[in-house]
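User: I would like to learn how to read a few features of a protein model. Could you take me through them one at a time?

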Amino acid sequence: MDDKRLVEVSDLKVHFFTDDGVVKAVDGVSFHIDKGETLAVVGESGSGKSVTSLAMMRLIPNPPGKIVGGSMLFRGKDGKVKDLVKEDEASMRKIRGNDIAMIFQEPMTSLNPVYTIGDQISEAIVLHQGKSKKEALEQSAEMLDLVGIPEPKKRLSNYPHQMSGGMRQRVMIAMALSCNPSLLIADEPTTALDVTIQAQILELMEKLQKEIGMSILFITHNLGVVAEMADRVVVMYAGRAVEEADVTPIFKSPLHPYTMGLLNSVPRLDLAAEGKIRLEAIPGNVPNPLWLPSGCAFHPRCKYMQEGRCTTDVPVLEDAGNGHMVRCVRWSEIQTGEGVKV
Ligand SMILES: Nc1ncnc2c1ncn2[C@@H]1O[C@H](COP(=O)(O)OP(=O)(O)OP(=O)(O)O)[C@@H](O)[C@H]1O
C-alpha cells in the first residue's frame, strides 16, 4: 500500500442472512483514504453507508450479518499494514479506540446515562493508554477544553442528561479523540442537531483534524455537509459505489444520473436568489434490497434508462479520466448528449 495511504478497501461485501433472504447491504465496494484526508460516503437511506462504516470497525452484528468478501487494509500507528477483515477480535479491540474511533448521530446511544462524563472519557484513556485514573481525569478535562466545553473541570462531574445535544456531541468527539486515532469514522454526527450547532460541530471537527492530522470517513446523506467537509466523495446506491471523485468534480460535473439526481434535489440558495431554483426529487424509492432490479439497480428511477442495456447489463465502475470513477453504461453518452432522449 502506498505510503500516504491509511485505508484501502477492496471489493468489500457485507451480507445479512435473514429469514426472508440474503440482503447484500454492501456488495463490492472499494475506496481508499489517504492520511489527513476526509472521504465522504453519501447516498439515500439504505444504500449501505452505515454498514460500510460498521464493517471497518468490524462491528457487524453476526448473525445475521457477515463480511463475505474483500479486504480492508489499514495502516496501524506502528506503520504496519493489516487487513481488518482477517484480524482477530482481540486485535480489533486494540485497533478500536487506539487507531480508529467512531462517532454516531445520537450521542445518547453511546454515552452511558448512569456514569459521569469524566468517568466515561477517563475510562477510555485508562483502558487504551494505561494511565492512572488521576492522570486520565486531567487529560479528560483537557479534551473537553479542546472541544470547546466551558469550565471543563466542573463538567467532568456532569451526567449526560445534564448537557444539551450539541454539548453531548462534543463530549462524544472528545471521547473519540482522547486516544489520538488516525481514523475517525463519523456517521451522520450532526443530523440530530439544529443548523447553528451543526455548523459549530463541523467547524470543530475540521479544526481538530488539522491539529491532530487524522483522516475522517464521513457518512452522510447531506450534500451541504459533503461540500463543507470532504476532499473526496463516494456515492453509494443499493450497496454499490456508483461514483467516486474529488469533491469539486462531484458537484461541478457529476457523471452518474443518481449523483445528478441527488444534487438536483438539494435546495441551493444561490440559484434561488437568481430565480433559477429547480428542485426535483428523484422519482421512486430505494429498491428493496431483497429484490434488486436487474442490470443497473438504479435503472427504474433513471431518466436516461435504455431498455435492453440498463435493464440487463450490470455496469462496472470505470475511470472516466483523472480518477473520476463512474458505474453507468451510458455516462459518456449522457455527457456528450449523443443519442440521449429525456
Ligand atoms: N441487522 C441487519 N439485518 C438485516 N439487514 C440489515 C441489517 N442492518 C442493515 N441491514 C440492511 O442493509 C442495508 C444498508 O443499510 P445501511 O444502514 O448501511 O444504510 P444507510 O445507507 O446507512 O442508511 P441510513 O442513512 O438510513 O443509515 C439496508 O437495506 C438495511 O436494511
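Analyst: Start with residue classes: Ala, Val, Leu, Ile, Met, Phe, Trp, Tyr, Cys and Pro count as nonpolar, Asp, Glu, Lys and Arg as charged, and the others, Gly among them, as polar. This is a predicted model, in which local features need pLDDT of at least 70, side-chain atom pairs count only at pLDDT 80 or more, and totals for chains, interfaces and linings use all residues. Residues are numbered from 1 along each chain as its sequence is written.

User: How do the residues of the shell around the ligand divide by class?

Analyst: The shell has seven nonpolar residues, nine polar and one charged. A residue is near a molecule if its C-beta atom, placed from the backbone, lies within 6 Å of it. Here 17 residues surround the ligand, and F16, A25, S45, S50 and V51 are the closest.

User: Which element supplies the largest share of the shell around the ligand?

Analyst: Helices (H or I, at least four residues) and strands (E, at least two) are DSSP runs, numbered from the N terminus. α1 gives the largest share, three residues. β1 (5–18), β2 (21–34) and α1 (49–56) each supply at least two.

User: Which residues are buried in helix α10?

Analyst: A residue is buried if 20 or more other C-beta atoms, placed from the backbone, lie within 10 Å of its own. In α10 (residues 257–264), that holds for P257, Y258, T259, G261 and L262. Contact means C-beta atoms, placed from the backbone, within 7 Å. The buried residues of α10 pack against several elements, including β3 (38–42), α8 (223–229) and α12 (331–336).

Note on methods: Buried ≥ 20, exposed ≤ 12 C-beta atoms within 10 Å, placed from the backbone. Contact = placed C-beta atoms within 7 Å.
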